[in-house]
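Trainee: I would like to go through this chain with you. Could you show it first?

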Amino acid sequence: MATTSSPVRVRFAPSPTGFFHIGSARTALFNWLYAKHTGGTFVLRVEDTDKERNTEEALRVLFEGMRWLGLDWDEGPEAGGNYGPYFQSQRADVYDNYLEKLKATGRVYEQDGALYFKVSGEPQVIEDAVRGRVERLEEKDFVIYRSNGTPVFHFVNVVDDIAMKITHVIRGEDHLSNTSKHVELFKALGAEVPVFAHIPLILKSNGPGKMSKRDEGALIEDYQKRSFLPDALRNYLCLLGWSPKEDREILPVGEIIELFELSDINKNNARFDEQKLAHINAEYVRQLPIETLAWHARPVLTEAGLMAEDASEDFLHAVLSISQEKMRGLDSLPEFLGYFFTDDYAEDAKVREKIFKKGDPCARVQEALMALESLEDFSEASLEACLQGVAEASGEKIGSYLLPLRFAVSGVGVGPSFYSVLRVLGKDIVIRRLQRFIQAGG
RNA sequence: CUCCCGUUCGUCUAGCCAGGUCCAGGACACUGGAUUUUCAUUCCAGUAACAGGGGUUCGAAUCCCCUACGGGAGACCA
């Protein structure tokens, strides 16, 4: 494997489009991981040569997305560094200087007002850390400066990598075919060719082709809005094209950094699987310390209009601590726990149907209501004993009481351990809801 | 059409470089069962893959070739 003795410098060079695509995020992540792994430098360079795209909003989406994922950059916009500016739109003089260098080799010529680079005609060897040795012949001369005087991607990309002393170019496989152009340019400019690592693409979950902005789940900002945990998304993204091996999948980022090697990156494209992402996200949610969970859950609940802004932290903790082990994503919290915070919660029609199929739920709720009204101690053990007694008194299984009662009290058929639900809800609310259920005739 | 890359369960992958311990391991999803308290948790079990064909070899998921299929690139976009 080709290596350089100089310290590792990698870069993520996005074009601000107004979206932060999941594939771009994964490319940024792999660069970041490699920089961390090697103790190198992670550079963020904004490729905004395509005029209109460079809006404030587009940059905000990009920067916020990266920071949310924890992908901090050592050099770049808002971070500084010795190789700036880090916006290509501000580097015109750099490009002009390198153009002069290239002209001096006699391999630049003008046609129709555009500047062309004359290719060598020799097959170019790409030493790729992921794919091994790849050979490709660049057959046609190509444009490096448009007739309007602005340089094109292939030129600025290579010039910046040289000027910024980039040692490893980690990017999507869609650039592999372009690399023969880039190698020609590196050589013509007398620069050392960096190590390339072309990582597999992320394909859409159904249908052909790579994931595009329009596909479901393709944008990082969607996951931010849906309150996914960034650590979870990042962990999932690591698994797309790379593996920690030893049958492990969920692991702290520190360990991933330690294990991450370019040579372990897969060659074949990966298909995006939202279900697996959801599973990993849920695992992370369930492992959160209760304070952190509350910190994440509060805005989700208040924005859904279920919980008052100044709602008690203690009550929130109580609700979360009995629910956490059964939680899925944070975005499902309003549906899963809404009834703890409001009387005006949605009912699950299927569960309603189900409880009426098996006997008279009102009668059972009535029996339980009478027993609970006179129960002073609303602890789990006491509640269980009480309801057990109700069931035994009428010669029934406790199971036939639980679903009607849960529905009467929460409108749904699933949730935390039922006795815990009753305890946290408290006697007043429980009694009130059971009465309401009976009065409404179910 | 040309060039480049790839191909292990439905999906993500381990194994491949250093051929035998792989009638192929894990995870998600799915199915069934358990926790005699429902349930989105937990536990157990099950279904399910080396693209096809030719070599090389005592022996190939692992090495070589061909075909098929998939992906990417082929802009005065990035």
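Trainee: Which residues have the most contacts inside the largest nonpolar core?

Mentor: This is a predicted model, in which local features need pLDDT of at least 70, side-chain atom pairs count only at pLDDT 80 or more, and totals for chains, interfaces and linings use all residues. Residues are numbered from 1 along each chain as written, chains are lettered from A and ligands numbered from 1 in written order, and side-chain values use heavy atoms, without hydrogens and water. A nonpolar core is a set of buried Ala, Val, Leu, Ile, Met, Phe, Trp, Tyr and Cys residues joined through side-chain atoms within 4.5 Å; buried means under 20% relative accessible area, exposed over 50%, partly exposed in between, with a 1.4 Å probe and protein chains only. The largest one has 111 residues, and those with the most contacts inside it are M66, F340 and L372.

Trainee: Which helix gives the most to this core?

Mentor: Helices are DSSP runs of H or I with at least four residues, strands are runs of E with at least two, and both are numbered from the N terminus. With nine residues, the element that gives the most to this core is α1.

Trainee: Which residues is F340 in contact with, leaving aside its neighbours within four places in sequence?

Mentor: F340 is one of the residues with the most contacts inside the largest core. With those sequence neighbours set aside, its contacts are F315, V319, I322, V421, V424 and L425.

Trainee: How many residues are in the second, separate core?

Mentor: Its members include Y86, V159, I166 and F186. The size of this second core is 30 residues.

Trainee: Is S323 buried or exposed?

Mentor: S323 lies in helix α11 (residues 313-323). Leaving aside neighbours within four places in sequence, S323 touches F336, L337 and P416. Its relative accessibility is 0%, so S323 counts as buried.

Trainee: Why is helix α17 described as largely enclosed by the rest of the structure?

Mentor: The buried residues of α17 are F418, Y419, S420, V421, L422, V424 and L425. They pack against α11, α15, α16 (399-410) and α18 (427-439). Helix α17 (residues 418-425) is largely enclosed because the buried residues number seven of the eight.

Trainee: Is A393 buried or exposed?

Mentor: A393 belongs to helix α15 (residues 380-393). Its C-alpha is 64 Å from that of L201, at a separation of 192 residues in sequence. With a relative accessible area of 70%, A393 is exposed.

Trainee: In what sense do β1 and β2 pair?

Mentor: Two strands pair if DSSP finds at least two bridges between them. Strand β1 (residues 9-12) and strand β2 (residues 41-44) have four bridges, and F12 has L44 as its partner in β2. The sense is parallel.

Trainee: What is the phi of D247?

Mentor: Most residues other than glycine have a negative phi, and most peptide bonds are trans. D247 sits in the loop between α7 (230-238) and α8 (253-259), and D247 is exposed at 82% relative accessible area. Its phi is positive, near 60 degrees.

Trainee: Which peptide bond is cis, with omega near -5 degrees?

Mentor: P85 is in the loop between α2 (56-68) and α3 (92-104). The cis bond runs from G84 to P85.

Trainee: How many disulfides does a search of the whole structure find?

Mentor: A disulfide is a pair of cysteine sulfur atoms within 2.5 Å. For C386, the nearest cysteine sulfur is that of C362, 19 Å away. The search finds zero.

Note on methods: Contact = heavy atoms within 4.5 Å.
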